[in-house]
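Hi,

Here is the structure I promised to pass on to you.

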Amino acid sequence: MRISNQLVASNFLQVLNRNQTELSRLQLQVSSGKQYNLASQSPVNNALAMYHKTEIAEGSQYTKNISRTKEWLDNTDSSLTTLEAALQRARELAVYGANDTLVQADRDAIAEEINQLLQHVIDIANTDVGGEYIFGGNDVETKPVKLLDGQNAGAMNDIVTYSTGETRKDKNLA
């Protein structure tokens, strides 16, 4: 078989073009810092990259959830500890107030402290973390408990209402 100059030149140009294309591809990789510029260049590696990216995002979200839950539980624990102390103090005042030797001024002072404890307990019940009320149940955006003063003059001093609309009428401690 005879090898002509045209065949040699054609093969040379074909190899030269292939090398030029490969050089261009490698220069693009170096300049972009990416091994592949199109997902279709390596579907398997693209699928793996997407899987790992999803795993990283999920891990990051798990970390955020754990941090948020820890903050929520720490605040709940602190609030319940404070509530326990307030209720213990109210119990002590109730036992002390049941004494027949107290004069009316002493009973009034106890009643005033009980009212302050009631306001403190309401403040504890309305504790929020990041704009969400920790004792709000399903509706964490609405204050779970509020105190309405002087609803019916002379009949009740204070009314405690819950987010469901139910009321607890004032109890006479004397």
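V8 sits in helix α1, which covers residues 5–32; helices here are DSSP runs of H or I with at least four residues, strands are runs of E with at least two, and both are numbered from the N terminus. With a relative accessible area of 45%, V8 is partly exposed. On that scale buried means under 20% relative accessible area, exposed means over 50%, and partly exposed lies in between (1.4 Å probe, protein chains only). Together with I3 and L7, V8 makes a nonpolar surface patch of about 270 Å². A patch takes residues with over 30% relative accessible area and no salt bridge, joining nonpolar side chains (Val, Leu, Ile, Met, Phe, Trp, Tyr) within 5 Å and like charges within 9 Å.

Before going further, please note that this is a predicted model: local features need pLDDT of at least 70, side-chain atom pairs count only at pLDDT 80 or more, and totals for chains, interfaces and linings use all residues. Residues are numbered from 1 along each chain as its sequence is written, and side-chain values use heavy atoms, with hydrogens and water left out.

After α1 comes G33, with a positive phi near 75 degrees.

As for the whole chain, it has three helices and five strands, in the order α-α-α-β-β-β-β-β along the sequence. Of its 174 residues, 16% are buried. Among contacts (heavy atoms within 4.5 Å) with a separation of 6 or more, 36% are between residues 24 or more positions apart. The chain exposes about 13600 Å², and 54% of that comes from carbon and sulfur atoms; accessible areas are from the Shrake-Rupley method with a 1.4 Å probe, and for residues only the protein chains shown count as cover.

Now to the charged pairs. Side chains of opposite charge can pair when their charged atoms come close. How many salt bridges does the structure hold? There are six, where a salt bridge is a side-chain nitrogen of Lys or Arg within 4 Å of a carboxyl oxygen of Asp or Glu.

- K70 and D74 pair at 3.1 Å, N to O. They are four residues apart in helix α2, so about one helical turn separates them. K70 is exposed at 52% relative accessible area, while D74 is partly exposed at 43%.
- R89 pairs with E113, and their closest N and O atoms are 2.7 Å apart. This pair links distant parts of the chain, with R89 in helix α2 and E113 in helix α3 (residues 104–125), 24 residues apart. Both ends are partly exposed: R89 has a relative accessibility of 32% and E113 one of 25%.
- R68 and E71 pair at 3.9 Å, N to O. They lie three residues apart in helix α2 (residues 43–97), so they too are about one helical turn from each other. R68 is partly exposed at 28% relative accessibility, and E71 is partly exposed at 39%. Through salt bridges that share partners, R68, E71 and E132 are joined into one network.

Happy to go through any of this with you.

Best wishes
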